[in-house]
Amino acid sequence: MDKVFTTYQIAAMLNVDITTVINWINDGRLAAYKTPGGHRRVNISNLIRFLRKYKMPIPEDFADDERKFAPAKKILIVDDDKEVIEYIGRVIERYFSEVKVEFAMNGFLAGEKIAAFKLDLIILDIKLPGIDGFEVMKRLKKGKKMKILAITGYPSAEVKSKILDAGAIEYLVKPFAPKEISEKIRNLLQLKKRNSGNK
């Protein structure tokens, strides 16, 4: 069960007046509920969301709770091979929790997904129909800044160099083992593995 705080406790914690906390609640900025006696109470999950949204410092005592209520990481898998997408999706599901996965099978759809979602990582096949992976990275350089893990079936030194120069942080050569790609994802997003993933 979530920890619950009074308006007085929140005011003391954030070094503000209690009326300020009440105003946040009344304005709808800080989600709260009332007890049968009419007292306002705030769940820790809502308090952490409020602090994040308004870029306020989160108390050190909340470290474990902050990780618990961290928003899910979003990963976009871009590959024209459905089996590869499903394979990577299964690896992510097996090794990690709190991760949302989107997928695209060409560069055009990848562009739409990138524009529509706030992504934390793109797992990008370089050889795509239409707009290839290099073009996708080129367009990203002009806009959103995000982490890219490129995958390729061509392991030459020239291709690897071109991939990193284009904007990818890491790359993998097909075929790759589940442990190999899971380690790359974990390092790039600083994720914890599921317990089952360590067996």
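This is a predicted model: local features need pLDDT of at least 70, side-chain atom pairs count only at pLDDT 80 or more; totals for chains, interfaces and linings use all residues.
Let me begin with a pair of strands. Strand β6, residues 121-125, runs parallel to β7, and five bridges join the two.

For anyone new to sheets, strands of a sheet pair through backbone hydrogen bonds, either parallel or antiparallel.

Stay with β7, residues 147-152. How many of its six residues are buried? Five of them are, so the strand is mostly covered, given that buried means under 20% relative accessible area. β7 also pairs with strand β8, residues 170-173, in the parallel sense, over four bridges. There, threonine 152 stands opposite valine 173 in β8.

Follow the chain onward from β8. In the loop between β8 and α9, which covers 178-189, you find proline 175. The peptide bond that joins lysine 174 and proline 175 is cis, with omega at about -10°.

Now to the other sheet on my list. It is an open sheet of three strands, in the order β1-β3-β2, with antiparallel pairing. Why is one side of β1 and of β2 left without a neighbour in the sheet? Because β1, residues 4-6, and β2, residues 33-34, stand at the edges, and each has a single partner strand.

Take the two pairings in turn. β1 and β3 run antiparallel and are joined by three bridges. Threonine 6 has arginine 41 in β3 as its bridge partner. On the other pairing, β2 runs antiparallel to β3, residues 40-43, with two bridges between them. Here lysine 34 stands opposite arginine 40. β2 and β3 also form a hairpin, with five residues between them. In that turn, glycine 38 has a positive phi of about 90°.

Next, helix α3, residues 44-53. Which residues in α3 are buried? Ile44, Ser45, Leu47, Ile48, Phe50 and Leu51 are. Just after α3 comes lysine 55, with a positive phi of about 50°. Lysine 55 belongs to the loop between α3 and α4, the latter being residues 63-68. Is lysine 55 buried or exposed? Its relative accessible area is 75%, so lysine 55 counts as exposed, the cut-off being over 50%.

There is another positive phi to show you, at asparagine 15. Its value is near 60°, in a residue other than glycine. Asparagine 15 sits in the loop between α1, residues 7-14, and α2, residues 18-26. With a relative accessible area of 71%, asparagine 15 is exposed.

Last, the surface. Asp80, Asp81, Glu83 and Glu86 form a negative surface patch. Where is glutamate 86? It lies in helix α5, residues 82-95. At 38% relative accessibility, glutamate 86 counts as partly exposed, because that value falls between the 20% and 50% limits.

To recap, look for three places on the screen. One is β7, paired in parallel with β6 and with β8. Another is the open sheet with the order β1-β3-β2. And then there is the negative patch, which includes Glu86. That is what I have.

Notes. Residues are numbered from 1 along each chain as its sequence is written. Side-chain values use heavy atoms; hydrogens and water are left out. Patches are made of residues with over 30% relative accessible area and no salt bridge: like charges are joined within 9 Å, nonpolar side chains (Val, Leu, Ile, Met, Phe, Trp, Tyr) within 5 Å. Accessible areas come from the Shrake-Rupley method with a 1.4 Å probe; for residues, only the protein chains shown count as cover. A salt bridge is a side-chain nitrogen of Lys or Arg within 4 Å of a carboxyl oxygen of Asp or Glu. Lys and Arg count as positive and Asp and Glu as negative; His and the chain ends are not counted. The place of a charge is taken as NZ of Lys, CZ of Arg, CG of Asp or CD of Glu. Buried means under 20% relative accessible area, exposed over 50%, partly exposed in between (1.4 Å probe, protein chains only). Two strands pair if DSSP finds at least two bridges between them.
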